[in-house]
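Student: Could you take a close look at the salt bridges here, and tell me which side chains meet in them and how exposed those residues are?

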Amino acid sequence: MTDTSWASGPEDAVRELTATAERVIDLAAELGPSRDEVLNISELHLATGVPIAVVESLLQGESAGEPNCQERFKQRLKAIQALDVQGNKRKHSQAAIARQTGISRQQINALANGERKPTMDHSALIEAFFGRPAGFLMSEDAAAVNGALLRLEMSLLKEVAEQDTPAPTLAGLLAVHGVECIAARAALLPTDDHRDRVLRMIERPMTESESETGRTRNAEAGGTPGR
């Protein structure tokens, strides 16, 4: 029997995105924003360069068809060129991109028109020029949107960790997400301080619950509750 546990395809990527979106929605519900507010299609388009119609389909759990590498690179480059402008509000010229990245102007033009297959070096240099995360120009649509949602999830987790949340809401978080899920999310946070805050939040209602259970058992056995 062939082991295919490592395999991943478009359907797997969409399922992973859907799972991330559900976690984001549940987490945002504890903080106030609605689904439409937290899964803002326009903002996800701006963050990823993925066409709005494709973002919408992916959030509905549907694959919108994946463009080839050249077409995807062309779409993403066009998107960031439209957004990242100079101080004079003009787009960065292909000559300026070529000068700063070391890629020839002819190659930049061919990449922008979808006439040349991009390399990892092309992507890394242009992404650095525009200050975009690694993989912005090359990652498949579902992976790109999922990456943006994972960054959003981390931001929401930081909000949860930094706010003074009363115990009943913590109990609600535990009921919805479970200890293991929240602990796994805490591991994604950028600093030990944030991770420690989330873990202390988990421990408090759990400790209180264990103490209450102990008192109940003692009472049922006719013993004296522990002091």
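Tutor: What follows goes through the salt bridges pair by pair. This is a predicted model, in which local features need pLDDT of at least 70 and side-chain atom pairs count only at pLDDT 80 or more, while totals for chains, interfaces and linings use all residues. Residues are numbered from 1 along each chain as its sequence is written, and side-chain values use heavy atoms, with hydrogens and water left out.

Side chains of opposite charge can pair when their charged atoms come close. If a salt bridge is taken as a side-chain nitrogen of Lys or Arg within 4 Å of a carboxyl oxygen of Asp or Glu, the count comes to 4 salt bridges. One of them joins the side chains of E153 and R23, at 2.9 Å from N to O. This pair links distant parts of the chain, since E153 lies in helix α9 (residues 141–162) and R23 in helix α1, 130 residues apart; helices here are DSSP runs of H or I with at least four residues, numbered from the N terminus. E153 is buried, at 1% relative accessibility, whereas R23 is partly exposed at 25%, where buried means under 20% relative accessible area, exposed over 50%, and partly exposed in between (1.4 Å probe, protein chains only).

Helix α1 (residues 10–31) also holds R15 and D12, which are 3 residues apart and so separated by about one helical turn; their side chains meet in a salt bridge at 2.4 Å, N to O, and D12 is partly exposed at 32% relative accessibility. A further salt bridge, at 3.9 Å from N to O, is formed by the side chains of R35 and D36, of which R35 is partly exposed at 41% and D36 is exposed at 59%.

Key: Helices (H or I, at least four residues) and strands (E, at least two) are DSSP runs, numbered from the N terminus.
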